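Here is a short briefing for a first look at this structure.

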Amino acid sequence: MTTVRVNRKGAGRVASGHPWIFASDVTERGAAEPGSTVTVADPSGRSIGTAHYSSTSQITLRMLGGPIPDAIKRATRYRASVVAGTDAWRVVHAEGDQLPGLIVDKYGDFLCIQLLSQGMDRARDDIAATLDGLFAPRAIVARNDAAVRKLESLPVEKTVLRGAVDGPAEVRMNGFRWRVDLLEGQKTGIYLDQRENYVSAAGYARGRALDCFASTGGFAIHMAARCDSVEAIDSSAPALETALANAGANAIANIEFRQADVFEQLAAYSHARRRFDTIVLDPPAFAKSRSAVEGAARGYRDINFRALRLLEPGGTLVTCSCSHHLSEAALLEIVAEAALQAGRTLRVVERRTQSRDHPILLTVPETHYLKCLILQAG
């Protein structure tokens with residue numbers, strides 16, 4: 001196995017529990033090939049572990065938590081202790097499972113994977129064989145359409161690695177039926193990271209509810225039984241088509257789906273003096289890089305301000321951010337500023353994060369990306 005040597009800073013990063021070593025901290029690459037598994041050595045030549053090597057990304061080395069098949073099996077055992085009430089869940093959460101660059105989601109009898117680094121792309125056959133042995137799925141779909149693959153000089157594509165896909169998958173989650181478009185749906189199909197937050201948010205829902213950035217209807221469908229009515233807004237026609245089908249599959253008739261720009265719709269509702277008892281904000285990541293954080297903060301502040309102008313006294317605001325560059329502390333500060341601007345008092349009821357099948361490692365802050373605040377308005 002080829003040895004790649006790193007400087008003291010790179011070795012220190014590994015010692016602190018973080019799996020990434022950047023190009024600037026690599027001192028000798030030896031004969032490392034794109035996507036190969038290499039031994040990583042500190043400045044004195046002592047081995048500090050194994051990693052996947054990338055020839056093009058600024059993240060040159062991604063440290064591995066042992067052989068890939070063994071790590072996948074460990075991840076699967078962990079899910080057995082935290083997943084219940086669903087046949088749709090995340091099997092492997094990249095860095096959260098010490099498998100950087102690998103995502104695996106299970107949708108009933110199907111698996112969707114994302115290979116986000118040269119190393120994981122090179123190991124696709126071993127990964128597929130391991131998953132086949134563990135789950136015997138009807139098909140394994142590779143949703144390699146994430147833009148980050150371009151940084152690895154990898155093609156952006158969607159392929160079926162094993163088996164066949166002849167239509168949407170049907171799954172059950174939290175007592176509801178869901179249709180999952182394995183090849184065209186969001187991420188690998190649907191948003192599994194909000195699964196536990198759907199249930200918590202529904203526990204506070206009442207009256208007239210508004211679900212903003214509704215996607216395929218996760219929050220709206222969970223809240224519907226507790227509310228008089230739900231309005232669900234999203235700009236994506238395909239997502240709303242799936243949401244409507246999901247509502248129908250669960251015999252839910254009190255949701256009105258509306259295709260619109262959420263910012264513009266909230267402004268229109270404010271002008272019309274509309275009011276809601278429950279509002280959910282689950283926008284896409286506004287901050288996709290550190291340089292975008294300032295602009296993202298304005299976006300989050302604006303959307304929360306607009307929502308608070310529509311929220312009845314005593315109402316519940318569920319506000320989320322999936323930007324890992326924006327910390328929970330920063331989100332709390334932004335929402336507090338929006339509340340002051342709107343002349344509202346907010347009480348923190350719950351501070352939540354992604355579902356437990358998306359594990360967070362304390363030494364890898366990037367694994368804590370989803371923040372979900374449940375707030376009560378005065």
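Helix H2 spans residues 68-82, 15 residues in total. In this predicted model, H2 reaches 22 Å from its first C-alpha to its last. That is close to the 21 Å expected at 1.5 Å a residue.

- Seen along H2, Ile68, Ala71, Ile72, Ala75, Thr76, Arg79 and Val82 are buried.
- These residues lie on the same side of H2, because they cover an arc of only 140° around the axis.
- Arg77, Ala80 and Ser81 are exposed, on the other side of H2.

**What covers H2**
- Strands take part in covering the buried residues of H2, including E5 (47-53), E7 and E8 (102-107).
- Helices H3 (118-122), H4 and H5 (195-202) are also among the covering elements.

**Aromatic pair between E7 and H4**
- The structure holds five aromatic pairs.
- One of them joins tryptophan 89 and phenylalanine 135 edge-to-face, 6.1 Å centre to centre with 65° between the planes.
- This pair links distant parts of the chain: tryptophan 89 sits in strand E7 (residues 88-93) and phenylalanine 135 in helix H4 (residues 124-135), 46 residues apart.
- Tryptophan 89 counts as buried because its relative accessibility is 12%, under the 20% cut-off.

**Around tyrosine 269**
- Tyrosine 269 and phenylalanine 276 form a tilted aromatic pair, 5.7 Å centre to centre and 45° between the planes.
- Tyrosine 269 is buried, with a relative accessible area of 5%.
- Phenylalanine 276 counts as buried too, at 1% relative accessibility.
- Arginine 274 lies over the face of tyrosine 269, 4.7 Å from the ring centre.

How values were computed. Residues are numbered from 1 along each chain as its sequence is written. This is a predicted model: local features need pLDDT of at least 70, side-chain atom pairs count only at pLDDT 80 or more; totals for chains, interfaces and linings use all residues. Side-chain values use heavy atoms; hydrogens and water are left out. Rings of Phe, Tyr and Trp (its six-membered ring) pair if their centres lie within 6.5 Å; planes under 30 degrees apart count as stacked, over 60 as edge-to-face and the rest as tilted. Helices (H or I, at least four residues) and strands (E, at least two) are DSSP runs, numbered from the N terminus. Buried means under 20% relative accessible area, exposed over 50%, partly exposed in between (1.4 Å probe, protein chains only). A charge sits over a ring if NZ of Lys or CZ of Arg is within 6 Å of the ring centre and within 35 degrees of the ring normal. The expected span of a helix is 1.5 Å times one less than its number of residues. The arc is that of the directions from the helix axis to the C-beta atoms. Contact means heavy atoms within 4.5 Å.
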